Amino acid sequence: LLRQEAQEVHLLADLHDHEPTAEVIAAVKAGPVQDQFGLVLRSDPGLAALEALWLAADALPEPMTAAALDELAAGYADVYLRHTYRAAPTESVWLTDDGLERQDPMLQVRAFYRRHNLRVSDWANRPDDHLVLQLRFLAHLFRPGGETPPALEAAAQFMDEHILRWIRNHAIRLVQAGAPDWYVALSLLTTSYLEELREHLETITGMARVIPEAKTGKEEQ
């Protein structure tokens with residue numbers, strides 16, 4: 001089961017890593033999304049997010065046009081590169097009062113990686129606490145042959161201390177700011193999936209989810 005979850009987390013990382021291709025859009029349109037991509041969600045928010053992703057794809061032309069792909073690429077840049085919607089895909093921005101990148105939360109994430117003999121090779125381009133890198137780290141912990149009890153406990157701890165502390169706020173900000181439907185749905189889907197995954201880890205490890213106090217500072221400058 002955890003091998004499947006490693007594949008699912010890698011898939012989510014890939015979807016956040018770049019704008020969708022015509023092939024990805026076609027696969028989502030073919031639906032059901034959970035069958036096409038192997039994503040298994042059971043909660044009402046998770047099922048709603050899957051439906052939202054399908055609706056976002058279904059609204060696009062068929063076959064996909066160059067103009068539609070260009071618009072998705074521009075939307076990707078607005079969300080992940082230009083921060084047009086003030087929803088940075090990096091943890092430090094959400095968990096520091098000044099809303100700056102490459103702050104102490106990033107250093108804490110880096111230290112977590114290093115405890116598992118991993119390092120980010122191009123941190124100047126993408127800081128350690130970037131959403132894509134955090135997802136790939138989780139997938140690494142679930143990799144075939146690596147899903148030992150200590151690794152699963154580390155995954156639960158990492159989710160509590162890092163990605164689950166800000167990913168829902170990222171999704172909410174995209175909703176409130178009117179970001180493109182595809183990227184809103186993807187962020188909501190990622191949030192729901194990670195929360196369900198954490199519940200699964202609690203069942204396996206016995207580690208109850210630790211929810212830190214809500215942050216009251218600025219999430220984004």
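This is a short tour of one predicted model, stop by stop.

**Stop 1: the whole chain**

Show the chain as a cartoon. It has 11 helices and 0 strands. Now turn the model around. The C-alpha trace spans about 45 × 40 × 35 Å along its principal axes.

**Stop 2: the surface**

Switch to a surface view. The chain exposes about 10,600 Å². Carbon and sulfur atoms supply 51% of that area. Next, colour the charged side chains. There are 20 positive and 34 negative ones. The centres of these two sets lie 6 Å apart.

**Stop 3: the core**

Go inside. Buried residues make up 48% of the 221 in the chain. In soluble globular proteins, nonpolar side chains tend to be buried together. Here the largest nonpolar core has 65 residues. Select Leu138, Phe142, Ile163, Trp182 and Leu194, which have the most contacts inside this core. Then select helix 11, residues 181-205. Helix 11 gives the core its largest share, 10 residues.

Stay with Ile163. Which residues does Ile163 touch, leaving aside neighbours within four places in sequence? They are Glu91, Leu131, Gln134, Leu135, Leu138, Phe158 and Leu194. Contacts across the sequence matter for the whole count too: among contacts with a separation of 6 or more, 71% join residues 24 or more positions apart.

**Stop 4: two cis peptide bonds**

Select Gly31 and Pro32. The peptide bond between them is cis, with omega near -15°. Pro32 sits in the loop between helix 2 (22-30) and helix 3 (33-37). Move on to Glu62 and Pro63. A cis peptide bond joins this pair, with omega about 0°. Pro63 lies in the loop between helix 4 (44-58) and helix 5 (66-81).

**Stop 5: two arginines with positive phi**

Pick Arg86, in the loop between helix 5 and helix 6. Its phi is near 55°, a positive value in a residue other than glycine. Arg86 is partly exposed, at 41% relative accessible area. Then pick Arg102, in the loop between helix 6 and helix 7. Arg102 has a positive phi of about 55°. Its relative accessible area is 30%, so Arg102 is partly exposed.

**Last stop: Thr96**

Select Thr96, in the loop between helix 6 (91-95) and helix 7 (104-115). Is Thr96 buried or exposed? Its relative accessibility is 15%, so Thr96 counts as buried, the cut-off being under 20%.

Terms used:
Residues numbered from 1 in each chain as written. Predicted model: local features only at pLDDT ≥ 70, side-chain atom pairs only at ≥ 80, totals over all residues. Heavy atoms only, no water. Helix = DSSP H or I, 4+ residues; strand = E, 2+ residues; numbered from the N terminus. Buried < 20%, exposed > 50% of the residue type's maximum accessible area, 1.4 Å probe, protein only. Contact = heavy atoms within 4.5 Å. Areas by Shrake-Rupley, 256 points an atom, 1.4 Å probe, with all protein chains shown as cover. Lys, Arg positive; Asp, Glu negative; His and termini not counted. Charge placed at Lys NZ, Arg CZ, Asp CG, Glu CD. Core = buried A, V, L, I, M, F, W, Y, C linked by side-chain atoms within 4.5 Å.
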